[in-house]
Amino acid sequence: MGNDTSYTDQKFEQVGRRVRRPDGVDKVTGRAKYGADAYAPGQLVGLILRSPHAHARIKKIDISKAEKLPGVKAVVTCEDLPDLTGGNRGMMDILENCMARGRALYDGHAVAAVAAVDKTIAKQALKLIKVTYEKLPHVTDVDEAMEADAPVVQDFVFTSGVEPKPTKPSNVSGISQFGHGDVDAGFAEADVIVEKSYKTEQTHQGYIEPHACLANMSSDGSGELWVTTQGHFVFRNVCSTLLGIDIAKLKVTASEIGGGFGGKTHVWMEPVALVLSRKANRPVKLVMTRDEVFKASGPTCSTSIDVKIGAKKDGTITAASASLRYQNGAFPANWGMIGAMTAYACYDLKNVKTVGYDVLVNRPKVAAYRAPSAPMAAFGVESTMDLMAGKLGMDPVEFRIKNAAKEGTRASYGPVYGPIGIGPTLEAVKKHPHMRAKLKKNQGRGMACGFWFNFGGQTCTDLNIGIDGTVSLTVGTIDVGGSRASLSLIAAEELGIDYEQVKASVADTASLGHNDMTEGSRGTFSSGMATIFAARNAVEVMKGRAAKMWDIPVEDVVWENGGAKATGKAHSNLPPLTLKEIAAKSPQTGGPIAGHNETVADNAGVSFASHICDVEVDPETGSTRVIRYTVIQDAGKAIHPDYVEGQFQGGAAQGIGWALNEEYIYGKDGTLQNPGFLDYRIPVCSDLPFIDTEILEIPNPNHPYGVRGVGETSIVPPLAAIGNAVSNAVGVRLNHIPMSPPRILKALDEQAGG
Amino acid sequence: MRYEAPKTTKEAATFLKKEKGAAFILAGGTDLLVKMKLGLSEPDLVVDIKKIPAMNAISHSATGSKIGGAVSGAELGEHKGLCKTWPGVVEATNLIGSDQIQSRATMVGNLCNASPAADSVPAMIAAGAKAIVVGSTKRRTVPIEKIVTGPGQTSLADDEVIEAITLPKRGKKAGDAYLRFIPRTEMDIAVVSAGVNLTLERGVVKTARICLGAVAPTAILVPAAAKAIIGTKLDDEALEKLAAACSAACNPIDDKRGTIEYRVRVAGVLAKRAAKIAFQRAGGV
């Protein structure tokens with residue numbers, strides 16, 4: 001009874017409906033309030049001064065002139081953000097990223113900030129701050145950063161994961177290894193071995209809403225923060241720790257979010273806004289420009305990857321290995337480790353070994369980006385899988401099916417899989433009409449697979465029943481993909497009422513227990529689970545109330561079709577009581593009716609996808625258009641199919657942009673050359689075909705409805721799927737992402753030349 | 001910052017002459033306002049030319065057509081006569097930005113912004129268009145290729161305003177075309193571009209003007225490319241010579257938008273493709 005998380009096959013009334021989202025009307029009419037839409041009486045405009053250098057010692061910051069400018073209410077530097085981290089280096093890294101401490105570590109690193117009565121004065125004040133820099137050697141390329149004579153980005157970084165412990169600091173913060181079996185023996189067994197190296201460039205999530213917040217510190221030491229974020233509870237905890245505020249005294253309210261994709265799981269500037277507000281004793285609104293968003297928030301890693309696969313003539317892979325070098329920006333992280341974990345997760349391998357290298361460079365701190373680290377690893381592995389299929393003369397789909405992981409397979413990163421979707425998605429690829437559509441000249445078809453772990457985590461949910469029988473569902477996970485609609489469907493399902501009777505909202509941090517970020521595709525999985533249990537909790541309360549209304553033992557009451565029913569012959573004359581009737585009588589039967597649940601949602605089911613893609617390449621210009629695209633992915637259970645399909649399409653769209661044109665371009669001086677949407681080329685609508693989707697439902701055994709996260713896996717296969725399609729279209733294999741027109745034309749020229 | 005909206009071009013020129021600080025002309029504002037927002041431009045005076053009747057007119061005479069300096073790309077695109085006589089010029093202008101930008105952006109603004117990658121400029125130069133330049137004391141007519149002198153630089157004096165663009169009268173066997181390469185399908189800036197304008201006589205190219213964009217500090221006329229196709233029926237050999245002449249004329253840079261190697265190569269490809277379209281439009285077979 002109670003919180004049994006195991007899957008039960010059931011017929012759904014509400015779940016699976018394509019209902020309208022509760023936030024839809026406000027969003028399409030412009031009424032929805034995003035990060036920059038808050039206002040507080042007396043608010044000031046905050047602006048941040050950023051380093052123009054890739055790497056420089058900050059010898060002096062003179063703020064005296066800026067402070068004297070009329071209208072300027074506060075100027076802050078790192079001196080106003082003292083170290084309260086108690087030796088926690090991870091927290092210190094967040095603080096140092098918010099505001100440079102003696103050294104600017106990348107182009108765009110914050111060095112000072114102002115708050116003034118208007119933007120004009122704030123801009124003038126920035127110009128009056130005099131920073132004396134001493135330029136230092138910099139490094140922005142991942143392979144160059146690993147060379148022995150590379151400039152060291154952080155002198156406290158000693159490579160972890162190696163014995164003996166290094167005596168000198170370096171840019172390699174960690175080396176991690178995964179796998180099992182004996183790869184040397186496996187390669188010795190192979191009839192064919194394919195080895196290839198790949199590079200991928202750095203990309204940004206490209207969320208349309210820039211980072212924005214309104215900070216309001218009171219002179220009594222309490223404060224409020226309105227912010228666009230994927231996790232306001234985590235932002236509260238981080239800001240409280242960094243600024244010495246009691247957690248209960250900082251209330252964080254999350255705005256509607258204009259896209260995050262992982263980029264809004266990190267604290268970038270909120271402590272600066274709070275400290276400006278504290279110093280000025282006025283509310284401060286801080287909104288990044290697009291230039292700042294590109295330079296100082298969010299990008300994912302650029303990478304350099306070597307892949308080696310060995311197979312028997314019959315297509316059995318005997319061994320697979322990979323070396324994956326990921327740059328994490330100027331602060332240590334473990335994105336390379338995650339790449340090494342995901343690389344071969346789709347396959348059942350006897351001998352496998354991956355090594356991940358985490359590398360520091362003079363670029364912005366790397367953030368999570370939708371299935372972070374997996375797309376690059378998949379680009380290397382899935383490109384090599386196609387090369388191997390070609391060498392073996394096997395169909396690429398059959399080759400993958402032969403080696404696909406299944407229930408009971410020991411994953412390359414350790415665990416043993418339960419029921420999983422890689423095999424079924426591959427079988428669905430084989431059956432899909434897309435695979436049989438005719439191609440014209442210069443067109444080619446490619447496919448690739450992808451994996452993502454998914455995550456559960458801490459979750460806390462309230463469900464309150466109004467006197468009129470409508471239901472307020474209060475959750476603490478940010479709605480980035482339509483989760484309020486999905487969670488309302490779940491609540492309605494459990495209570496046996498219609499979707500329209502439920503209204504879901506995201507609570508502020510003062511109204512609910514801690515919730516982890518909306519990350520790892522956990523929103524619908526974990527809050528869905530908490531919603532089920534909160535609803536069941538409320539049902540128990542309502543059964544008690546019905547028993548009271550009938551004056552019968554509660555044991556004789558069951559919940560059916562949205563109401564209480566008395567069981568047993570003794571009560572056969574009692575008509576059922578609806579939820580609405582029970583709610584109406586609640587003031588007389590014990591007061592308000594509520595359900596609650598807090599949980600750590602474990603065992604988020606892993607997710608797999610297979611994508612099919614057709615491209616057309618112009619051999620004279622290298623221009624590539626994706627002309628048809630199909631996503632096939634396991635959703636466990638699609639609660640709201642529209643939003644599941646939306647996630648499939650969104651991830652594919654971002655992957656297509658990444659594959660073809662998006663990239664951070666750094667100059668020789670280490671400064672970012674294209675911090676804007678004109679020259680950082682995200683696809684526009686006309687660049688994309690209609691992205692077709694097919695939802696498979698292989699239930700997650702660890703969720704009552706079988707839900708798996710669906711938000712991230714869809715970005716994993718596109719890089720390789722497009723690379724494989726280009727190869728099939730014009731016969732050249734691109735080993736460098738993005739496959740921009742100059743790179744494709746060059747490859748075609750090299751092919752023609754020799 | 002002061003804002004003026006004069007009623008005549010001469011009045012606009014006089015405002016510019018009198019201003020001691022930084023003065024800018026506002027037509028569609030699609031470049032100026034962006035620069036102001038980014039803090040790259042801080043004008044003391046903005047002279048809005050949209051209230052000047054001559055700036056808003058499209059007129060025709062025995063010698064050709066005249067397009068006012070404040071005529072938007074959208075208006076140009078809706079002008080049936082110009083779409084028929086100078087489709088290349090209209091298409092080039094209509095490629096700039098989005099629909100929203102088109103409702104504001106002007107050819108003259110595109111010219112005076114003096115970007116090497118401006119879309120309308122190679123098409124105008126190929127067409128043999130001229131600018132009617134009005135100063136505080138005199139007027140002059142200047143070929144378009146003499147206006148831009150380098151990135152962000154023009155030959156206009158501080159008190160000069162372009163009132164209109166003229167396009168020559170069109171014969172029957174004539175056609176023009178403009179193509180640009182962008183990695184996306186729209187909302188982008190030319191990596192390379194080519195404008196071709198030609199006339200035919202008995203199926204053979206009689207005259208031709210070929211202009212390339214984004215491959216040098218300014219748009220460049222390539223007489224050698226024109227020579228390669230004059231007297232031909234645009235056979236493959238002529239097209240290859242055209243492409244080679246275009247590639248040879250390029251003097252591009254490596255930057256975030258493209259490499260030298262790529263621009264040189266694709267300039268020839270685009271010139272060939274644009275020449276074929278222009279040839280077809282002129283009635284060539």
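Trainee: Is strand E16 of chain A mostly covered or mostly open, and how many of its 10 residues are buried?

Mentor: The model discussed here is predicted. In it, strand E16 of chain A spans residues 443-452 and is mostly covered. A residue counts as buried if 20 or more other C-beta atoms lie within 10 Å of its own. By that criterion, the number of buried residues in E16(A) is 9 of 10.

Trainee: Which strand of chain A pairs with E16(A) in the antiparallel sense over 10 bridges, and which residue stands opposite A:Trp452?

Mentor: The partner of E16(A) is strand E24 of chain A, residues 607-617, and the two are joined over 10 bridges in the antiparallel sense. Within E24(A), the residue opposite A:Trp452 is A:Ser607.

Trainee: In what order do the strands of the 3-stranded open sheet of chain A lie, and which of them stand at the edges?

Mentor: The pairing in this sheet is antiparallel, and the order is E20-E21-E22. Two of these strands each have a single partner strand, so one side of each is left without a neighbour in the sheet. The edge strands are therefore E20 (557-560) and E22 (577-578) of chain A.

Trainee: Which helix packs on this sheet, and what angle does its direction make with that of E20(A)?

Mentor: The helix is H15 of chain A, residues 523-550, which touches E20, E21 and E22 of chain A. Its direction makes with that of E20(A) an angle of about 125°.

Trainee: How is chain A divided into domains, and how far apart do the C-alpha centres of domain 2 and domain 3 lie?

Mentor: Chain A has domain 1 (24-32 + 456-601), domain 2 (35-136 + 210-257 + 263-296) and domain 3 (303-454 + 605-753). Between the C-alpha centres of domain 2 and domain 3 of chain A, the distance is 37 Å.

Trainee: Which element gives the most to the side of domain 2 of chain A that touches domain 3 of chain A?

Mentor: The contact takes 16 residues from domain 2 of chain A and 18 residues from domain 3 of chain A. On the domain 2 side, helix H3 (89-98) and helix H9 (290-296) of chain A each supply at least two residues. By class, that side has 5 nonpolar, 6 polar and 5 charged residues. The element that gives the most, with 5 residues, is H9(A).

Trainee: How many residues of chain B are in contact with chain A, and which helix of chain B provides the largest share?

Mentor: The contact joins 15 residues of chain B to 17 residues of chain A. The chain B side consists of 7 nonpolar, 3 polar and 5 charged residues. Its largest share, 4 residues, comes from residues 260-281 of chain B, helix H11.

Trainee: Why is chain B described as being as compact as a globular protein of its length?

Mentor: Chain B contains 11 helices and 14 strands. The globule rule gives 19 Å for 285 residues, and chain B is as compact as a globular protein of that length because its radius of gyration is close to this value, at 19 Å.

Trainee: Into which domains is chain B divided, and which helix gives the most to the side of domain 1 that touches domain 2?

Mentor: Domain 1 of chain B covers 2-168 and domain 2 covers 174-281, with C-alpha centres 24 Å apart. Each domain contributes 25 residues to the contact. The domain 1 side has 16 nonpolar, 6 polar and 3 charged residues. The helix that gives the most to it, with 6 residues, is H8(B).

Trainee: What is the strand order of the 5-stranded open sheet of chain B, and which residue is the bridge partner of B:Val133?

Mentor: The order is E4-E5-E10-E6-E7, with antiparallel pairing, and the edge strands are E4 (58-61) and E7 (139-143) of chain B. Within the sheet, E6 (130-134) and E10 (161-168) of chain B pair over 5 bridges. In E10(B), the bridge partner of B:Val133 is B:Ile162.

Definitions and conventions:
Residues numbered from 1 in each chain as written. Chains lettered and ligands numbered in written order. Predicted model: local features only at pLDDT ≥ 70, side-chain atom pairs only at ≥ 80, totals over all residues. Domains from an automatic or database assignment. Contact = placed C-beta atoms within 7 Å. Nonpolar A, V, L, I, M, F, W, Y, C, P; charged D, E, K, R; others polar. Rg over C-alpha atoms; globule rule 2.2 N^0.38 Å. Pairing = 2+ DSSP bridges. Axes fitted to C-alpha atoms, helices over the stretch in contact; angles between N-to-C directions. Buried ≥ 20, exposed ≤ 12 C-beta atoms within 10 Å, placed from the backbone.
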